[in-house]
Structure formats: structure tokens, C-alpha cells
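Here are my notes on the model, point by point. Please read them with the structure open.

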Amino acid sequence: MSKPLLRNSPNMAFSGQAAHVPVLLNEVIEMLEIREDGVYIDATVGLGGHSSAILGRLGSHGALIGIDRDEEALTYAANKLGTDKVYLRQGRFSEIGEVLQDLRIERADGVLFDLGVSMLQLKKHERGFSFMSDARLDMRMDSSQKLSAWNVVNRYLEKDLQRVLQEFGEEPLFRKIAKRIVISRKSGPINTCAELADIVLQAYGGRGKTHPATRTFQAIRIEVNRELDELRNGLTSALGVLKAGGRLCVISYHSLEDRIVKNLLRDWGKEGLIKVLTKKPMTPGREEVLRNSASRSAKLRGGEKL
Ligand SMILES: C[S@@+](CC[C@H](N)C(=O)[O-])C[C@H]1O[C@@H](n2cnc3c(N)ncnc32)[C@H](O)[C@@H]1O
């Protein structure tokens, strides 16, 4: 269940040095068609980039509800967004319904999902998301959760590792990498991100333009955070809380996410639950990609509740 957030906690571990630029910001703001007195949910508030722009367009009767499963991100967002018209909750976005109930708000005018990980999670090496770090394998968005990347890598059966790598990483060498992981851990646990990245590198016999561990790390992260189930449930919950005419905007960063978003919106469109606003996804222009390379794979899709 979602937890209200303690604001302005002294435990502010991230001061924003890793400059955060919200992705497809103008497109999101335009698609949300923000009304001054509306209720908007940022289901992935992160470092508050999109939230801040939404908040700036609200009048005194509007409200912004920000959800994130990462307590550290919320602490950062709380300091950035302040308290006026802002309600921040720690929890999973599949719990949007409960969050609204808790706030005694019935419906929302818009819901935004900006999927994946934040700069804070990626750049803070001790969070164990980046294959370029010597940190312990972790990858939990919610640090109070039990399952971490370390458990997946060191405890999963070979066949389950294969499944994760194939399904969530679309990794062609899923068998070879799973085997190497199992062989390596016989002589002691695989503790760090760098150790795992090295095992994948060896399976590939070297690296090309993209580090070959990218897919393995994506796969394990998705498994640890149950990201695809969360996405299906989160979008369904969002549809449930939207007012007629309310808008749903989703930014995804890889094909597995985008497929889920595209198919759900298409199905809901056919069922007459929404009007699909994006026949084709919106993507960042050349300038945005040059300014912010993290935006390069972003796809924005949206729908209007009927
Ligand atoms: C790309 S960042 C969002 C950045 C944000 N739009 C901004 O401009 O600062 C994604 C955020 O979503 C959060 N997140 C991912 N999956 C979630 C879920 N199922 N429930 C709640 N938060 C989630 C992550 O913890 C992360 O902070």
C-alpha cells in the first residue's frame, strides 16, 4: 500500500548534479491539455521534471499527485515541488486507485507515465543499476523490497535465468550467458555489476558499439521490479480513475514496454473506452536527442477516456 511521504527529510542523498531533463516535455504538456483546476497524476514522479511543468500550469484549485516506488526520488521531488497543491505518495503505480481513495479524490483529468529508471537511480552507483559500476548488484527501485539483482543472479535456476534473459532482454545469447553465470557462481557469488558485465562480455568475446551487457541488465532490472506486470496493471488502474475526456500519456523506452502500451491502447480504442491520440508514437526530434541522449529511444503514446 502507498505511504505518504515525509517531506524535506534531511536524508537528501542526491542533490541533482546528474542534470535531469524531462523527456518529450512539450509533447506531454500539450497532450495532457492541462486545465487550471484539474487533478493530474504523475505516476512516475522521479525527479519531478514533468511534475514541475504540470504544477506550473495549475491554478489554486488544481492538484498534482505524484507517485514513485523510490523513496529517495520522492524526497528529491518533494524538495523541488514544494507542498502547495502537491500530494506525493510512495508506492507502485498499480496502486493509483488506492492512492486516490486515500486522498478522497474520485477522478483525475490526466495521468502521466514516464517509464523506466531515473537519472538518480542510474547515476548513483550504489543503487546497482549500472553495468559500469563496482557496486553490489541491486536494481531495486524500492529499496525496502526483498528481491534484488543479487538474488536473481546468484539464486535463480539456470532455466529461470534463461527465461529472464530471453523474455525481458530479448538476448540472443541467453543460454550461453545463463550457463556462464551458473559456472561462475560455483566458485563464489557474483557480487558486483562489473563482475556480471564481465561475464556477459566474455560470452560475447568482446564489445561493439553498445556494451553487450545492456540487454542482460535490462532483463534483470525488469525481473527485479516486475516492470511489465506493473505496467499492465498501472495502465489499467489509470484508465479506471480517469474522468471522461481525461488524458493518459505514456513514455516508454524499449520495445517490450512500447508493445504493451500500444496493444492496450489499441484494444481499449476498439472497445470504445478511449480515443487513441497517437496512431504512431511521438518521438524526440534530433535537437532533443542531441541535448539529452537519454531521450533517444523514447516513444510517447496517448489516449483520451471516452
Ligand atoms: C524515468 S523516471 C521519471 C522521471 C520524471 N518524469 C521526471 O521528469 O523527473 C521513472 C521513475 O518511475 C519510477 N517507477 C518505475 N516503475 C514504477 C512503478 N511501478 N510504480 C511507481 N514508480 C515507478 C522509478 O522509480 C523512477 O523514479
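1. Start with Lys124. Its side chain makes a polar contact with the side chain of Glu72, at 2.5 Å. Bear in mind that this is a predicted model. Lys124 sits in the loop between α5 (119-123) and α6 (149-155).

2. Is Lys124 buried or exposed? Lys124 is buried, because its relative accessible area is 16% and the cut-off for buried is under 20%. Now look along the chain to Ala135. Lys124 and Ala135 are eleven residues apart in sequence, and their C-alpha atoms are 9.5 Å apart in space.

3. Next, the domains. The domain assignment gives domain 1 as 3-120 + 227-305 and domain 2 as 126-225. The C-alpha centres of domain 1 and domain 2 are 28 Å apart. How many residues are in contact across the two domains? On the domain 1 side there are 15, and they are in contact with twelve residues of domain 2.

4. Asn225 deserves a look. Asn225 counts as buried because its relative accessibility is 0%. A polar atom of the Asn225 side chain lies 3.0 Å from the backbone oxygen of Arg221.

5. Which residues does Asn225 touch, leaving out those up to four places away in sequence? They are Arg69, Phe129, Met139, Arg140, Met141, Gln145 and Glu230.

6. Ala213 counts as buried, because its relative accessibility is 0%. Beyond its neighbours within four places in sequence, Ala213 is in contact with Phe131, Ala197 and Val200. Compare Ile105, which is 108 residues from Ala213 along the chain. The C-alpha atoms of Ala213 and Ile105 are separated by 44 Å.

7. Now strand β8 (residues 299-305). Strand β8 is mostly covered, with six of its seven residues buried. Strand β6 (residues 242-252) runs antiparallel to β8, and six bridges join the two. Within this pairing, Ile251 stands opposite Leu300 of β8.

8. Strand β7 (residues 274-276) pairs with β8 as well. The sense is antiparallel, over three bridges. Ile274 has Lys305 of β8 as its bridge partner.

9. Lys305 is the residue I would check in β8. Lys305 is buried yet has no salt bridge. Where is the nearest side chain of opposite charge? That side chain belongs to Glu106, 11 Å away. A salt bridge requires a side-chain nitrogen of Lys or Arg within 4 Å of a carboxyl oxygen of Asp or Glu.

10. What does the side chain of Lys305 have as a polar neighbour? One of its polar atoms lies 2.9 Å from the backbone oxygen of Leu242. Leaving out residues up to four places away in sequence, Lys305 touches Leu239, Gly240, Leu242, Lys243, Ala244, Gly245, Gly246, Leu273 and Ile274. Leu242 is therefore on the contact list as well as being the residue whose backbone oxygen lies 2.9 Å from that polar atom.

Conventions: Residues numbered from 1 in each chain as written. Predicted model: local features only at pLDDT ≥ 70, side-chain atom pairs only at ≥ 80, totals over all residues. Heavy atoms only, no water. Buried < 20%, exposed > 50% of the residue type's maximum accessible area, 1.4 Å probe, protein only. Helix = DSSP H or I, 4+ residues; strand = E, 2+ residues; numbered from the N terminus. Pairing = 2+ DSSP bridges. Lys, Arg positive; Asp, Glu negative; His and termini not counted. Polar contact = N/O pair within 3.5 Å; in protein donor to acceptor, adjacent residues only side chain to side chain. Contact = heavy atoms within 4.5 Å. Domains from an automatic or database assignment.
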